Amino acid sequence: MNLDEWFQRGMTAQEYVDSMETHQENLIYIYEHFSVPKEDYPLFESLQKRDLRAIVLTEDWCGDAMLNIPIYLRFAEASHIQTRFLLRDENLELMDQYLTNGKTRSIPKMIFIAPNGEEITNWGPRAPELQEFLDDSVANLPDENSPDFKDKRRQMLTFITKAYRDHGDFWDNVYQDIKRTLS
């Protein structure tokens, strides 16, 4: 299947958000509280002329998707990038073409395509600053065989979710990295 066909199979942003069960409230919160900088309007105008589209591979339970998708949606709105959403676990044939480091199905993954259906670039699953934050958080976990590993991991994921939702610096890191990718 080519990227045009994958795009046509996808959900709209509204359909995706309406289908969410896990992180819908936090995703909407970020979306409602983030806005793109007015000084970037020249970039948005140049992107509008390129008539890009995007496919976003995601899942509702993913904390990175909860953070990245609302930031991306604001960017896409300003740039007039038509976007469709596909659930990763239902679209492994496409997902497996975009593995992180050639081995993991990390999401979200945004695939940007030209009007002719050719891939321009892709982005995801997270900005470098967030990768560093995540790596530091994981490094502080006890060994996987430790009796308190599961509890500490759950606490860490709760902390990361709250940090993603509440830290505007993280929002800006995501925005700037998407901007770099498409500039």
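Which side chains meet in a salt bridge at 2.4 Å, N to O? They are those of D4 and R53. The model behind this briefing is predicted. An open sheet of four strands, with mixed pairing, has the order 2-1-3-4. Helix 5 lies across strand 1, strand 2, strand 3 and strand 4.

**Salt bridges**

- Side chains of opposite charge can pair when their charged atoms come close.
- The count of salt bridges comes to ten.
- One of them joins D4 and R53, with 2.4 Å from N to O.
- D4 belongs to helix 1 (residues 3-9) and R53 to strand 1, so this pair ties together parts that lie 49 residues apart in sequence.

**The sheet**

- Strands of a sheet pair through backbone hydrogen bonds, either parallel or antiparallel.
- The strand order is 2-1-3-4, and the sheet is open.
- Strand 2 and strand 4 are the edge strands, and each pairs on one side only.
- On average, neighbouring strands are turned by 20° against each other, with direction ignored.
- Strand 1 (residues 53-58) pairs with strand 2 (residues 82-87) in the parallel sense, over six bridges.
- In this pairing, L57 stands opposite L86 of strand 2.
- From strand 1 the chain passes through helix 5 to strand 2, a β-α-β crossover that is right-handed.
- Strand 1 and strand 3 run antiparallel and are joined by five bridges.
- V56 stands opposite M110, which is in strand 3.

**Helices on the sheet**

**Helix against helix**

- Two packed helices are described by the angle between their axes and the distance between the axes.
- Helix 4 (residues 41-50) and helix 5 (residues 63-79) have axes that come within 8 Å and cross at roughly 70°.
- Helix 4 and helix 5 are therefore roughly perpendicular to each other.
- Helix 4 makes this contact with L43, F44, L47 and Q48, while helix 5 uses F75, A78 and S79.
- By class, the contact of helix 4 with helix 5 has five nonpolar residues, two polar ones and no charged ones.
- The axes of helix 3 (residues 24-33) and helix 8 (residues 149-166) come within 9 Å, crossing at roughly 25°.
- Helix 3 and helix 8 are therefore roughly parallel to each other.
- N26, Y29 and I30 of helix 3 meet T161, Y164 and R165 of helix 8 in this contact.
- The contact of helix 3 with helix 8 has three nonpolar, two polar and one charged residues.

**Backbone details**

- Most residues other than glycine have a negative phi, and most peptide bonds are trans.
- D51 is not a glycine, yet has a positive phi of about 55°.
- The place of D51 is the loop between helix 4 and strand 1.
- A cis peptide bond runs from I107 to P108, with omega near 5°.
- P108 sits in the loop between helix 6 (92-95) and strand 3 (109-113).
- G124 and P125 are also joined by a cis peptide bond, with omega about 10°.
- P125 sits in the loop between strand 4 (119-123) and helix 7 (128-139).

Methods:
Residues numbered from 1 in each chain as written. Predicted model: local features only at pLDDT ≥ 70, side-chain atom pairs only at ≥ 80, totals over all residues. Heavy atoms only, no water. Axes fitted to C-alpha atoms, helices over the stretch in contact; angles between N-to-C directions. Helix = DSSP H or I, 4+ residues; strand = E, 2+ residues; numbered from the N terminus. Parallel < 35°, antiparallel > 145°, perpendicular 65-115°, else oblique. Contact = heavy atoms within 4.5 Å. Nonpolar A, V, L, I, M, F, W, Y, C, P; charged D, E, K, R; others polar. Pairing = 2+ DSSP bridges. Right-handed = clockwise from strand over helix to strand, strands pointing away. Salt bridge = Lys/Arg side-chain N within 4 Å of Asp/Glu carboxyl O.
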